[in-house]
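Visitor: I have a chain to look over. Could you walk me through it?

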Amino acid sequence: MFNFLPVLFLLLLAVVIFALHWSEQGKRFAWLISVIGLFLAWLGVFALRWFRPAEVVFPAWRPFEPLTADRIVFDWETNAWVLAICLVGLLLAVILTAPVRFQYNSNPLSWSAAMTFTAIGLLSILSGSPLALAISWTLLDVVEVVYVLLIIRDYRYRREVLTSFALRLFSVGLLLSVMIVARQPGLGYTFESTLERDALWLIGAVILRLGVLPLSLKYEKQLPLQNGLTSLMRITGQISGLALLAKLPAGLVVSTSYPLVVGGIVLLMLYAAVMWILAENEIAGRTFFGLFFSGLAILSVLQGNAPLSVVWGVALVCWGGFIFLCTVRSPRLMILTGAVLFSFCGAPFTILSAGWQAVAVNPGWVILLAILWVVVIAGFIRHALQPRESSRSFEPYIVTTYTLGLMVLLISGWLSVFLGVEQGLRLGTWWGGIIVLGLTVFLGQSAYRRKQVEGDSSPQMVWLQPLIQKATDAISAFLRLNWLYLTLRFVFHAAQGVTRLLTVLFEGEGGVLWSLLLLVLVISIIGGVR
């Protein structure tokens, strides 16, 4: 049962920190105990790369038909380890950077919740069979919706919470449907047996797991600790879906409706990149950042490189975690930000160098990916240069632990790809990486100089922002699905009105006459047909 040791350790640590919260003496040591415990957990997950435990199988969970039951499997396969080390690194970074959020009520309760979410997210990553993944997804959704409903009391926002929860449950239903339809006699359904017709349904399930439909849920703004716990919760939910893509077999190419599906994914990525760069801040653009890298992971599957989609998950966790936690500004942190930009720009022998091989199958794809990549990098630079709290307003030890927390994300990204991705840290498509690196350097220097001279926004570009904003607002209004809810509500009320009318007619004083008239009409129709 060593498979579950990190999960059980995180849950036990969460219980301990939760108990310490209710003790005045315990509160003083809760943060230090959290940091030590999570650092040990992070090192322990690293050790599992060389001391991989045997998979855990629950074959006879259905006693009446044990031979036909789908297996429940949890396994530390390579891609699962890559995502797990990044997710635990993100949790450690959240706790290390927590002191800068003490003024926003970052406390042992929020740390305990973060550990719980991460532990359940690890179950999704470790799921080695579709049934295990469906169970893990459901457990993660239930824990999240219970937490959010405990925080949010307003009825209007609670309805949005339940709508988002229903969509994620529908993704579980899609996964179960694929299991039923695609199962093989005597073998059941496994990720390795996925066929082309099943892949599109699985991709649909992953899209519903991303939390991007419907867009712009207002209840998310009511959650506390947006840069800490809430960001970790959102990333954990998205990674639990992307973990499915990394488990699909290599060489699985979806040729049915291929241009239509790929075109739709590319348009969504373009929309996400534009909305990310136009977002007010990194938290407002968090949904679009996740949508962009999720789109790249889906494209990797469509191109037949499903195992390599794991590198985009690394970017989502480590790169996204860095910008969402980066709320303090100092010259030393700007150097670290530059190192992150270099690490994730796709240059040869960097973290995402394998990403070119996953998606860019020809020069046209290389150019398209480079353009989208540069837009996302420009958005990262814009958000990283926005004014925030200065490091001078914090104690030196807080700034030190904060810097260490951000460095943990960078170290996790590099080591996970170096040790876990077979084709990672290679030359890749070198000319595409060099183009993106050159543009990154140019954008970074230009933005930094403009920041010093002109302030937050350039007068030359002010006129363009409203035009782009209007275009993106129209797309956002469609993707929020409010029009769908209004249509369904109209249909429901219309059907309800017809039902009430029929009830009044048949149960009123003239009900017998209307019944006889309906009977005569039916007899006439049947007689005419004959």
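Below are a few questions and answers on this predicted model.

Visitor: How far apart are the end C-alpha atoms of helix 3?
Guide: Helix 3 covers residues 78-96, which is 19 residues. At 1.5 Å a residue, helix 3 should span 27 Å. The separation in the model agrees with that: 27 Å.

Visitor: How many of the residues of helix 3 are buried?
Guide: Buried means under 20% relative accessible area. Helix 3 is largely enclosed by the rest of the structure, because the buried residues number 18 of the 19.

Visitor: At the start of helix 3, which residue has a side-chain oxygen that reaches the backbone nitrogen of Asn79?
Guide: The contact is to within 3.1 Å. The oxygen belongs to Glu77.

Visitor: Is helix 4 roughly parallel or roughly antiparallel to helix 5?
Guide: Helix 4 spans residues 108-126 and helix 5 spans residues 130-151. Their axes lie 8 Å apart, at an angle of about 160°. An angle over 145 degrees sets the class, so helix 4 against helix 5 is roughly antiparallel.

Visitor: What hand does the crossing of helix 4 and helix 5 have?
Guide: Take helix 4 as it passes helix 5. The crossing is left-handed.

Visitor: Is Ile381 buried or exposed?
Guide: Ile381 sits in helix 14, residues 363-384. Its C-alpha atom is 8.6 Å from that of Leu341, 40 residues away along the chain. The relative accessibility of Ile381 is 6%, so Ile381 counts as buried.

Visitor: How many disulfides does the structure hold?
Guide: Cys326 is buried at 3% relative accessible area. Cys345 is buried too, at 0%. A disulfide needs two cysteine sulfur atoms within 2.5 Å. The disulfide count is zero.

Conventions: Residues numbered from 1 in each chain as written. Predicted model: local features only at pLDDT ≥ 70, side-chain atom pairs only at ≥ 80, totals over all residues. Heavy atoms only, no water. Helix = DSSP H or I, 4+ residues; strand = E, 2+ residues; numbered from the N terminus. Expected span 1.5 Å × (residues − 1). Buried < 20%, exposed > 50% of the residue type's maximum accessible area, 1.4 Å probe, protein only. Polar contact = N/O pair within 3.5 Å; in protein donor to acceptor, adjacent residues only side chain to side chain. Axes fitted to C-alpha atoms, helices over the stretch in contact; angles between N-to-C directions. Parallel < 35°, antiparallel > 145°, perpendicular 65-115°, else oblique. Left-handed = near helix turned anticlockwise from the far one by under 90°.
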